[in-house]
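Here is a short tour of a protein model, written for someone new to reading structures. Have the chains in view and follow along, one topic at a time.

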Protein chains: 4
Amino acid sequence: MVERIQDVAHLGAVELFTPKPDRTVWFFHDLFGMEIVHRDGDRDSGTHYLRGYGDHAAATLKITPAKAAGVGCIAWRAASPEALERRVAAIEAQGHGLGWTNGDFGRGRSYRFRDPDGHAMEIYYEEVRYAPPPELRSTLKNLPQKFTGRGVNVRRMDHLALFCKSVPENRRFAQETLGMRLSEQVIFNEGRDEIGAWLSPSPVHHQVAYVADSAGAHGRLHHVSLWVDNRGDVMRAADILAENGVFIEAGPSKHNNSQGFYLYSYEPGGNRVEVYSGSYLIFAPDWQTVVWNEKERGTGVYWGATLPESFATYGTPVVEAPKANATVIDPM
Amino acid sequence: MVERIQDVAHLGAVELFTPKPDRTVWFFHDLFGMEIVHRDGDRDSGTHYLRGYGDHAAATLKITPAKAAGVGCIAWRAASPEALERRVAAIEAQGHGLGWTNGDFGRGRSYRFRDPDGHAMEIYYEEVRYAPPPELRSTLKNLPQKFTGRGVNVRRMDHLALFCKSVPENRRFAQETLGMRLSEQVIFNEGRDEIGAWLSPSPVHHQVAYVADSAGAHGRLHHVSLWVDNRGDVMRAADILAENGVFIEAGPSKHNNSQGFYLYSYEPGGNRVEVYSGSYLIFAPDWQTVVWNEKERGTGVYWGATLPESFATYGTPVVEAPKANATVIDPM
Amino acid sequence: MVERIQDVAHLGAVELFTPKPDRTVWFFHDLFGMEIVHRDGDRDSGTHYLRGYGDHAAATLKITPAKAAGVGCIAWRAASPEALERRVAAIEAQGHGLGWTNGDFGRGRSYRFRDPDGHAMEIYYEEVRYAPPPELRSTLKNLPQKFTGRGVNVRRMDHLALFCKSVPENRRFAQETLGMRLSEQVIFNEGRDEIGAWLSPSPVHHQVAYVADSAGAHGRLHHVSLWVDNRGDVMRAADILAENGVFIEAGPSKHNNSQGFYLYSYEPGGNRVEVYSGSYLIFAPDWQTVVWNEKERGTGVYWGATLPESFATYGTPVVEAPKANATVIDPM
Amino acid sequence: MVERIQDVAHLGAVELFTPKPDRTVWFFHDLFGMEIVHRDGDRDSGTHYLRGYGDHAAATLKITPAKAAGVGCIAWRAASPEALERRVAAIEAQGHGLGWTNGDFGRGRSYRFRDPDGHAMEIYYEEVRYAPPPELRSTLKNLPQKFTGRGVNVRRMDHLALFCKSVPENRRFAQETLGMRLSEQVIFNEGRDEIGAWLSPSPVHHQVAYVADSAGAHGRLHHVSLWVDNRGDVMRAADILAENGVFIEAGPSKHNNSQGFYLYSYEPGGNRVEVYSGSYLIFAPDWQTVVWNEKERGTGVYWGATLPESFATYGTPVVEAPKANATVIDPM
């Protein structure tokens with residue numbers, strides 16, 4: 001057995017593209033209760049940086065105006081300066097590297113690369129410590145920001161799920177080059193078709209999932225997921241979305257794989273967003289990946305509900321013609 | 001057995017006096033998430049009428065500027081016009097009546113009276129149906145108003161607890177003249193000292209509690225209580241109060257009598273306010289009042305915590321000299 | 001306006017028929033955490049009487065061996081001896097009466113009748129107070145029985161939903177003869193087809209629902225519903241059912257009409273059983289029935305999920321041929 | 001900056017000494033819902049090995065008969081065989097080592113040592129994978145054991161808190177020799193008196209806390225803590241303990257440091273046991289330890305309650321004479 005690389009600490013930030021930046025910011029700020037910490041450009045058409053009240057980093061969600069919805073740069077934080085150098089060397093050795101940047105808002109120099117499917121990523125270590133303005137200081141010394149009680153009030157960025165053409169290729173990259181643990185897998189057709197992989201650099205169940213894109217496209221987003229502390233908060237989120245006319249695609253309910261308690265909706269720009277709680281932590285260093293086949297997986301919902309067809313096919317950017325006879329899979 | 005009178009339907013509205021009307025309105029609107037439906041006078045010094053998102057009546061809480069904190073008029077809704085006439089006749093026969101008024105905001109003619117301890121009350125039947133403005137319309141047809149997700153977001157007025165000099169006298173008035181069920185009692189000294197009584201006109205455990213005032217005063221308020229649907233919401237309320245520097249006197253925890261799940265704080269004007277959930281419903285028409293003595297009552301907290309001294313003595317208006325050797329009792 | 005009759009206090013007890021009495025008792029005792037308080041006959045083939053830990057009556061659920069699943073006698077408790085006499089007179093005047101019995105386990109003389117659809121019912125006032133054995137005494141003086149923490153641990157009988165051929169006829173009987181409030185209705189085809197009615201004798205939203213039987217049959221049961229205090233308990237129930245191989249038909253999720261938080265499964269005998277929480281209380285004496293049409297009703301699920309086809313058609317006893325072109329409706 | 005050692009994966013198992021083994025096993029099995037997986041010796045006087053339904057290891061709690069309550073061996077799992085060797089070398093270099101053993105039930109060879117205060121510990125890598133008997137197999141493929149729904153039903157071992165004479169000495173050992181992160185500290189008297197330290201080898205907030213023992217003793221236990229998934233489950237646990245006559249020392253409530261949601265009781269043998277949920281995860285590799293002084297710490301309870309005197313002084317084994325003028329501190 002080779003020791004697992006522990007060079008990636010956690011998912012740092014996610015950038016979302018949106019054709020309706022003002023409405024997308026409304027969604028995350030007014031409904032989800034995130035704070036706007038920085039803006040480049042105008043209020044309606046600029047780029048916004050947001051955070052959950054429990055996020056350690058200054059900003060974990062970047063909203064960038066674009067012609068179409070989708071995911072921009074996905075940033076991973078390294079565990080140390082040395083870990084950063086090691087990962088950059090490994091990425092370059094794999095031929096996935098793009099080069100160094102001076103870093104985005106809130107972080108220092110970052111190394112840009114693409115995963116095999118083409119999603120933009122970067123890895124960095126230096127981070128600006130968040131200093132809340134007086135009105136956002138918490139009375140809890142161990143909370144980086146006040147719990148405001150506005151709307152859904154998500155606590156922090158949790159994970160994201162990416163559509164890709166080849167799950168094995170991207171899964172191996174995450175395991176071997178980034179050093180993640182493979183927590184669970186969905187494999188159909190007696191082991192022939194790898195449909196989904198859930199990976200994490202830490203005891204958290206997954207911070208990235210790769211799921212087969214039935215449209216045969218590249219670089220698409222399935223969903224980005226924000227954490228709340230209790231299943232009751234997920235249900236409260238459902239009430240808030242329903243009261244504000246936001247379409248709920250699925251949930252609140254409980255997945256069988258990951259045991260995650262989910263609520264899926266679309267932000268006004270079109271990206272699927274999850275409010276998430278539950279799941280389980282994995283501490284065992286010799287974790288044996290849990291593999292689900294068609295029969296074991298069932299609908300993917302532990303309590304027996306079904307997920308809508310859209311859940312298997314819809315991603316951003318939206319693509320026109322789904323591949324005929326594609327294997328349709330419900331990712332999570 | 002005589003059939004129980006069922007002429008009072010429910011607690012209609014509570015008026016609170018406050019020396020800091022602007023801050024009291026901030027407390028109930030911004031933190032508790034209630035809506036302001038009407039105002040008489042200025043924004044800072046006027047009288048405000050508020051409602052919880054699930055309240056059927058247009059307004060259930062009236063905030064009235066005054067020199068000192070305390071409770072104003074407590075309004076009870078009759079079950080029918082005939083029931084109103086019957087109760088008025090009974091109240092007048094007891095010599096407690098004050099006479100008819102044209103009604104306050106949101107309700108028709110009302111009959112004013114005082115309970116034996118001197119608290120101002122009224123009874124009415126006619127009520128204006130609440131019609132929310134467009135931005136407060138719920139997507140749920142059976143919800144009178146949108147669930148906004150702002151702060152504690154209390155659902156409705158639930159009950160109030162009144163200090164009084166003689167619990168038996170006021171308790172009998174509530175039972176015999178208003179027709180309430182006596183759900184629970186606290187009686188000390190081998191049955192000699194009646195310390196508390198919890199009464200209700202409906203299956204709800206109590207809508208009014210009478211508690212012995214150790215200060216020997218009259219007409220004081222112990223607390224007014226607002227309902228949320230889950231114990232998780234009470235804990236969320238505690239976080240919101242703590243983040244906003246609001247003093248928490250006790251809770252969240254669970255009373256043994258009433259089984260209520262409580263959180264007590266003071267609004268800026270000084271009145272004690274409870275966020276409340278749990279408890280239990282009483283359907284049995286031959287309910288046998290549950291009576292607690294000193295030993296059974298213990299601290300009044302089911303899980304073993306203690307309530308602070310202030311909980312037994314503090315009421316509004318604040319009075320100077322508590323009676324020496326007074327029996328101190330923790331009401332709920 | 002005529003004053004509403006307040007002669008029925010609450011739903012007293014429900015009898016279920018089962019072809020698998022031993023498994024049905026296992027379901028309610030081992031999984032649902034109810035206690036067996038009485039048995040007539042053998043352990044495997046006898047009639048069992050059960051209770052929830054918070055039920056005031058000695059027994060609220062009767063399990064009776066039978067050839068087919070279905071509902072037996074539905075017992076209503078009168079508010080007083082006089083109320084009982086008044087209701088019996090009204091029932092007899094309507095021609096629905098069957099006559100007096102000496103009462104079932106735990107209650108005194110009862111008057112038997114049938115609702116217009118033919119469901120067996122009775123009304124009674126005298127009730128034996130429940131006295132728990134030492135091992136089932138609660139440390140809470142206001143709790144009739146110990147909270148054991150076994151399985152789902154339902155608190156009390158809440159309501160039942162009955163299939164019937166004519167909703168209007170049965171709904172009027174419940175309103176006019178039994179004196180219930182009509183809380184909500186579902187009416188399709190521009191007011192022509194009354195599909196469902198939710199009725200209650202108390203502030204509880206409904207204790208009986210009448211729903212159009214698409215099979216055109218008589219006397220069938222849609223479901224019986226047991227209460228837990230929190231939505232978290234409903235989700236815990238879902239985990240327990242799933243772990244024990246019990247089929248979950250729908251939920252946990254939230255209905256739009258009634259706002260009830262539901263979880264539907266079938267007990268081994270075949271009857272649909274709900275674990276239930278949430279909903280809302282109705283205190284207003286002039287409550288205006290909330291009426292839903294096709295469009296407003298949607299799927300009947302507030303957060304957007306759909307209910308399975310079986311939910312609209314399956315009832316007990318199971319009948320062979322559903323009526324062609326029947327209007328299919330999701331009751332609750 | 002030196003890279004943090006990541007050689008310890010997690011807390012593996014805790015051994016409790018008890019003078020009443022049969023009652024202690026009843027507590028953890030019947031009330032807490034843990035399973036007995038192995039026993040050495042008689043049912044009443046033997047050593048028992050237990051597990052929570054979500055524990056990955058076969059056994060995480062060992063109940064050992066002894067003359068007095070207290071903590072036995074605390075086992076840490078290494079991240080790899082190489083990590084094990086590195087930690088053993090470091091421990092030996094510090095002079096704390098005792099030597100190799102063949103391992104306890106469920107794990108392979110283990111290296112025994114003592115922390116500076118004298119608590120027995122061991123570190124190991126090899127672990128036997130848990131294989132549940134048929135009746136304990138879960139329907140969830142990613143759950144090592146069935147969720148039985150019995151009693152409190154704790155999910156897994158979470159952490160423990162140890163009394164010690166010198167917090168700095170033991171804290172440094174945990175940081176430097178075992179490689180843990182120092183999440184939070186309590187330091188009184190303007191930085192002179194280190195009263196408590198919360199440490200963890202993973203993003204979980206703490207898996208061991210060191211707290212100053214006001215009795216000046218060595219090797220004592222403050223509490224062992226078991227995890228449930230929701231705050232609602234902690235409250236349900238409180239109801240179960242209260243119904244079974246188990247003394248509740250404090251909670252359910254929320255600590256300010258750690259943000260943990262706690263419920264403290266004593267198992268029949270005398271050891272303090274916590275049911276725990278909430279808290280927060282720490283992902284930042286450059287986490288800046290949160291330090292609380294007297295004023296910031298307050299009562300240690302976020303919502304304002306106080307902890308009883310016993311919480312600061314009681315530990316196991318019980319010692320006779322507390323040191324005069326000892327600094328009393330509420331650990332967590």
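Lys141(A), Asn142(A) and Phe283(A) supply 17% of the area that chain A buries against chain D, more than any other three residues.

This is a predicted model, in which local features need pLDDT of at least 70 and side-chain atom pairs count only at pLDDT 80 or more, while totals for chains, interfaces and linings use all residues. Residues are numbered from 1 along each chain as its sequence is written, chains are lettered from A and ligands numbered from 1 in the order in which they are written, and side-chain values use heavy atoms, leaving out hydrogens and water.

**More on chains A and D**

- The contact (heavy atoms within 4.5 Å) takes 47 residues from chain A and 47 residues from chain D.
- The rule finds 4 salt bridges across this interface of chain A and chain D, where a salt bridge is a side-chain nitrogen of Lys or Arg within 4 Å of a carboxyl oxygen of Asp or Glu.
- Look for the salt bridge between the side chains of Arg77(D) and Asp286(A), at 2.9 Å from N to O.
- On the side of chain A that touches chain D, at least two residues each come from strand 1 (8-18), strand 5 (70-78), helix 2 (81-93) and strand 17 (290-292) of chain A. Helices (H or I, at least four residues) and strands (E, at least two) are DSSP runs, numbered from the N terminus.

**Where chains C and A meet**

- Chain C and chain A bury about 1300 Å² between them, 53% of it on carbon and sulfur atoms.
- Here, 15 residues from chain C and 15 residues from chain A take part in the contact.
- There are 2 salt bridges across the interface of chain C and chain A, and one of the bridges found joins the side chains of Lys254(C) and Asp239(A) at 2.9 Å, N to O.
- Helix 4 (231-243) and strand 14 (248-254) of chain C each give two or more residues to the side that touches chain A; helix 4 of chain C brings the largest share, 8 residues.

**A histidine inside chain A**

- His159(A) is found in strand 9 (residues 156-164) of chain A.
- Is His159(A) buried or exposed? At 0% relative accessibility, His159(A) counts as buried (buried means under 20% relative accessible area, exposed over 50%, partly exposed in between, with a 1.4 Å probe and protein chains only).
- The side chain of His159(A) makes polar contacts with the side chains of His223(A), at 3.3 Å, and Glu274(A), at 3.2 Å. A polar contact is a pair of N or O atoms within 3.5 Å; within protein, one must be able to donate a hydrogen and the other to accept it, and residues adjacent in sequence count only if both atoms are side-chain atoms.

**Aromatic rings**

- The structure holds 56 aromatic pairs over all chains. Rings of Phe, Tyr and Trp (its six-membered ring) pair if their centres lie within 6.5 Å; planes under 30 degrees apart count as stacked, over 60 as edge-to-face and the rest as tilted.
- Tyr266(B) and Tyr314(B) are stacked, because their ring centres are 4.5 Å apart and their planes are at 20 degrees.
- Phe27(A), Phe28(A) and Phe32(A) form one aromatic cluster.

Methods
Buried area is the accessible area (1.4 Å probe) that two parts lose on being put together, summed over both.
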